[in-house]
Amino acid sequence: MPKLALRGVVKRFGDATVCDGIDLDVDTGQMVCLIGASGAGKSTLLRCINLLEPIDDGAIHLDGTDISEPGLDPQAVRARIGMVFQSFNLFPHMTALENALLAPRRVLGKSREEARPEVAALFDRFGLAHRMDTYPDQLSGGQQQRVAIVRALAMRPEVMLFDEITSALDPQLVGEVLDVLLALKDEGMTMVLATHEMGFARQAADKVCFLKDGKIIEEGPPETLFGAPEHPETRAFLARTLK
Amino acid sequence: MPTPTRRERYEAAQRRRSLIIAGSSTVLVLAAIIVLVPMAPGWDKVKASFFNGDVLAQAMPRLLDAFMINVMIFAWSAPAIAVLGLLIALARDATSPALFPLRIFGAAFTDIFRGVPVILTVYLIGFGIPGLGLPRPWNSPYIWGSLALILTYSAYVAEIFRSGIDSVHHSQRAAARSLGLNERQVMRDVVLPQAVRNVVPSQMNMLIALQKDVSLLSFIGPVEVFRQAGVLKSLTANFTPYVGAALIFLAITIPATRYADYLMARQRKERS
Amino acid sequence: MPRLAIPLVAFLFASSVAFADGHCAAGKTLTDGKLTIATGNPAYFPWVMDDAPESGKGFEAAVAYAVAAEMGFAADDVVWVRSSFDEAIQPGAKNFDMNMQQYSITPERDKVVDFSAPYYTAPMAVLVSPNLTDTPATMEALKDLKWGAAGATTAVQKLENVVQPEQDVLLYGDTADVNAAMSANQIDAALFDLPTALFLSAVMIEGSKVIGQFAADASDNPDQFGMLMEEGNPLKECVDAAITALDASGALAAIEAEWLQDTTGVPLIQ
């Protein structure tokens, strides 16, 4: 049974159909990369998986349970699925540590003291121990994004969603964030990424999906999708992007 | 000391030039006021009835005494306004259908109390509610007059809080929700702290306005500084006590206004 | 036709006569041949009836026409305007020759404006709210009351200097607001000139009572009402002469008897 299974997911904004019948399986420990032009529906799909957007049709299963069932408590689901955003979205009025402690305290009901050792260990692991008491506006973009990842990991999620997390970074800072993803992959984290980093997707992904107009046009292992794409749309996109 | 660059020399010259222009035009305007105004035919009379030193010296101690009443009313009204304003703002933004009556109430509240001149609210509540037959001390004009100020200012303060809540980017809410926080926690831990901080300068301006509007309570009895000035005015048949009252207000409001402007400027800098 | 023409001719004749003989007021009024008098806005009973001073009804309206006649003005030559106390004392040109709305003559005010000879001596009187009508008319009892007054009147000084109440006095913008405060039971008692107090108890605040008046020879000056004029107004001597003449002839007392209630029934405060 796949960890995460999407069946015919449809999401509309008014007349625009942003996700148009998406089927996707993500197995435990897999890293799946969603590629495609801006507006193809990658980000919206991630937001639907995290129930930030209710879907109009289809179903999303986590461990075989339909989490897209209307009326279900979305908070419990979100606590199991971590998400990291393009624009970091750290809370500017809290230190890095407080950012990461908020959800364990509020959602899991832990005290600051209970939650702190585990969170501090995460900061330590990603080379941020010395920045824990710093406010976000004093951190570099790469550091902010790593804090955002730590903040999501503090909830011990079963699945992590990454929405173009390197797009807002200066090129020299992209590496430090992608290194974190590789470390998570080594640990066996189940991950779905929307990304423009084709090199990274090719090197690290277990499966790559090419989206266009809200549909998955083609999917497969990276060597196939990048090396011998079958669909002319995929070839055209890759030709434009990798030129 | 390093030699200034060509650009630094140019900029220094420009700065000197602007300083000279600003300085000399200020001096000119001041000189014109000081020389021309006393040349007006009625100046002596105006001076005697608005800027009478003896009357001012006599009035000042009593005006300052009366101003303590203003300070007192301000001191208990301002915190109440902050709390009620925030509650109204939250009521207006409530999304749950069970709270729909609260939203309606919040909207009606802000519409009514922003729509009626403060002085009318002071009169209607200050005389009206005690007229229902409340026993003393519960019919005190201090209580009901303050309530009128609290209601009116809460309506404005609530709107400012709402604009502060709107100013927090929706991605902040998304991030908080993605962590599993519920709506109440998102509001309390993530949105409100930022919203409140964003509107501090605007709320400072409300405090300054409140400080002045406390004087409206004089219409329903309390002898605060404006009423005291009026009494002294009719006693002496001289308007100087009003000028004295104005000076007391300015001594408070000018520093407060400068401070609010400074906060605004700092905030603009932070955002840019 | 003749019935209309005769008064008209008489009027023209009268006014031309009045100024032809070099009457005191000639050339000293705002508008030549007219006497402009200011009253309150609104003007209150019993000083002016129905807020219509041109009717000549009410104590001050009647006094105004008597003084005007004494100065040689026909009734039609009296022009009424409205003004507040602040307009009366502000520097600059005035829009009235004289202003009468129960202005108490005080030495401080007299430095800034001119007052005519007094046309009425008004004792201050105590009006108490309906549930306190048993209050004895003694200083002792008055001190314990919660007091109110109109802030721009000499009642404030009287309260401060003579009554010296235990609790803070509440002050209001005008008589109507003092009434409102008494109706809301926010004050026990208010200090007014006696005619105003009698009017309020009879008409405005049901059940209230005027329990006493201060003796006219109380330690400080009794309240005397004078017509207010711009400082240095040359008209003052004519007005003073007219009032003195009316006082001497008993005309002033007759007007008072006609328009102001008998005040002798109100006991003196001990």
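Predicted model: local features only at pLDDT ≥ 70, side-chain atom pairs only at ≥ 80, totals over all residues.
Trainee: How many of the residues of helix H1 of chain A are buried?

Mentor: Helix H1 (residues 42-49) of chain A is mostly covered. A residue is buried if 20 or more other C-beta atoms, placed from the backbone, lie within 10 Å of its own. Helices are DSSP runs (H or I) of at least four residues, numbered from the N terminus. Among the buried residues of H1(A) are Leu45(A), Leu46(A) and Ile49(A), and the count for the helix is 7 of 8.

Trainee: How are H3(B) and H9(B) oriented to each other?

Mentor: The axes, lines fitted to C-alpha atoms over the stretch in contact, come within 10 Å for H3 (residues 53-92) and H9 (residues 200-213) of chain B. They cross at roughly 140 degrees, on a scale of 0 to 180 degrees between N-to-C directions. Angles under 35 degrees count as roughly parallel, over 145 as roughly antiparallel, 65 to 115 as roughly perpendicular and the rest as oblique. H3(B) and H9(B) are therefore oblique.

Trainee: Which residues of H9(B) meet H3(B)?

Mentor: Contact requires C-beta atoms, placed from the backbone, within 7 Å. From H3(B), Phe74(B), Ser77(B) and Ala78(B) take part, and they meet Leu207(B), Leu210(B) and Gln211(B).

Technical notes: Residues numbered from 1 in each chain as written. Chains lettered and ligands numbered in written order. Buried ≥ 20, exposed ≤ 12 C-beta atoms within 10 Å, placed from the backbone. Helix = DSSP H or I, 4+ residues; strand = E, 2+ residues; numbered from the N terminus. Contact = placed C-beta atoms within 7 Å.
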